[in-house]
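I opened a new notebook page for this structure.

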Amino acid sequence: MKKILMTGGSSGIGKAIKDILTCKDYQVFNIGRKEADITCDLRDTEALETKVKEWLKTHEVDVLINCAGIGLFDPHETLSIAKIKNLIDINLTAPIVLSSLCLRSLQKTQGHIINITSIEATRHAKYSALYTATKSGLRDFGHCLFEEVRKSGVKVTSINPDMTQTPFFDELHFKPSDDEATHLLPQTIAKSVWDVLQIQGVVTDLTIRPQKVGIAKR
Ligand SMILES: NC(=O)c1ccc[n+]([C@@H]2O[C@H](COP(=O)([O-])OP(=O)(O)OC[C@H]3O[C@@H](n4cnc5c(N)ncnc54)[C@H](OP(=O)(O)O)[C@@H]3O)[C@@H](O)[C@H]2O)c1
């Protein structure tokens, strides 16, 4: 059975990915604080390294899916240093560290890294400087890494979703509008992960958007 190591599998997009891939006969291991096979707060890089290295002693990775992430969309001068560090640690440092830890195994399995970035990785919006820095950083990291590892058979994909109806917006002052044409469903992103895994060749970049624009204030 092929093995998936992922983050973010407890909620929203990651939970939908975990559900679909489990149904397709993958063995999915989630790293996170809740519903986790490897319990770890991604902000704790040392613990992440120790726990994943231990797991890798008895498992190979066929697919690494970096999905965990948080959002913060406020004027940049209002963000505390602690919040800035948290967001960078979760959205950017953890996926880069996990890629590094898993790369030898992925080379053995001719595996695949899938990074869930964001539409914000592809554009420049106000109040998104920090979030965009992490998501465009992760997207560019993936594109560079693919050039490095393609000769050893490893695939790297960036999936860049637009607004998707998940708990991501619970702490934010906006959310997708209720009109279903204005937002994506987590199952749609999960299905795209499955499609990307099936394709012969490599999808390096996939942007998914709803048909219409619509945001609701909280
Ligand atoms: N929803 C959208 O509109 C949208 C659009 C574009 C991109 N994205 C991206 O999609 C990804 C998934 O977001 P979502 O919408 O599914 O949000 P979500 O429902 O809020 O899920 C966030 C996930 O991140 C994990 N996480 C957060 N902080 C963590 C920490 N300190 N340590 C370990 N895990 C942590 C959570 O796991 P635990 O709480 O169990 O630890 C949870 O599984 C994120 O990277 C987000 O940036 C979302």
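The model is predicted.

**Entry 1: the sheet.** I looked up the strand order. It is an open sheet of seven strands, E3-E2-E1-E4-E5-E6-E8, with parallel pairing. Strand E3 (38-39) and strand E8 (205-208) stand at the edges. Each has a single partner strand, so one side of each has no neighbour in the sheet.

**Entry 2: strand E5.** I picked E5 (residues 112-116) next. I then checked which way they point. His 112, Ile 114 and Ile 116 point one way, while Ile 113 and Asn 115 point the other way.

**Entry 3: partners of E5.** I counted four bridges between E5 and strand E4 (residues 63-66), which run parallel. Asn 66 stands opposite Asn 115 in this pair. How does the chain cross from E4 to E5? It goes through helix H3 (residues 81-109), and this β-α-β crossover is right-handed.

Strand E6 (residues 155-161) came next. Five bridges join E6 to E5, again running parallel. Here Ile 114 stands opposite Thr 157. The chain crosses from E5 to E6 through helix H4 (residues 129-149), and I noted a right-handed β-α-β crossover.

Entry 4: I followed E6 to E8. The two pair in the parallel sense over four bridges. The bridge partner of Ser 158 is Asp 205 in E8.

**Entry 5: helix H1.** I checked the span of H1 (residues 12-23). Its 12 residues reach 17 Å from first C-alpha to last, close to the 16 Å expected at 1.5 Å a residue. Which residues of H1 are buried? I listed Gly 12, Ile 13, Gly 14, Lys 15, Ala 16, Ile 17, Lys 18 and Leu 21. They pack against strand E1 (3-7), strand E2 (27-32), E4, E5, E6 and helix H5 (186-198). Asp 25 follows H1, and I read a positive phi there, near 75 degrees.

**Entry 6: the ligand.** How many residues surround the ligand? I got 27, the closest being Gly 12, Arg 33, Gly 69, Thr 166 and Phe 168. I sorted the shell by type: 11 nonpolar, 12 polar and four charged. Which element gives the most to the shell? H1 does, with three residues.

How values were computed:
Residues are numbered from 1 along each chain as its sequence is written. This is a predicted model: local features need pLDDT of at least 70, side-chain atom pairs count only at pLDDT 80 or more; totals for chains, interfaces and linings use all residues. A residue is near a molecule or strand if its C-beta atom, placed from the backbone, lies within 6 Å of it. Ala, Val, Leu, Ile, Met, Phe, Trp, Tyr, Cys and Pro count as nonpolar, Asp, Glu, Lys and Arg as charged, and the others, Gly among them, as polar. A residue is buried if 20 or more other C-beta atoms lie within 10 Å of its own, exposed if 12 or fewer, and partly exposed in between; C-beta atoms are placed from the backbone. Two strands pair if DSSP finds at least two bridges between them. A crossover is right-handed if, with the strands pointing away from the viewer, the path from the first strand over the helix to the second runs clockwise. The expected span of a helix is 1.5 Å times one less than its number of residues. Two residues are in contact if their C-beta atoms, placed from the backbone, lie within 7 Å.
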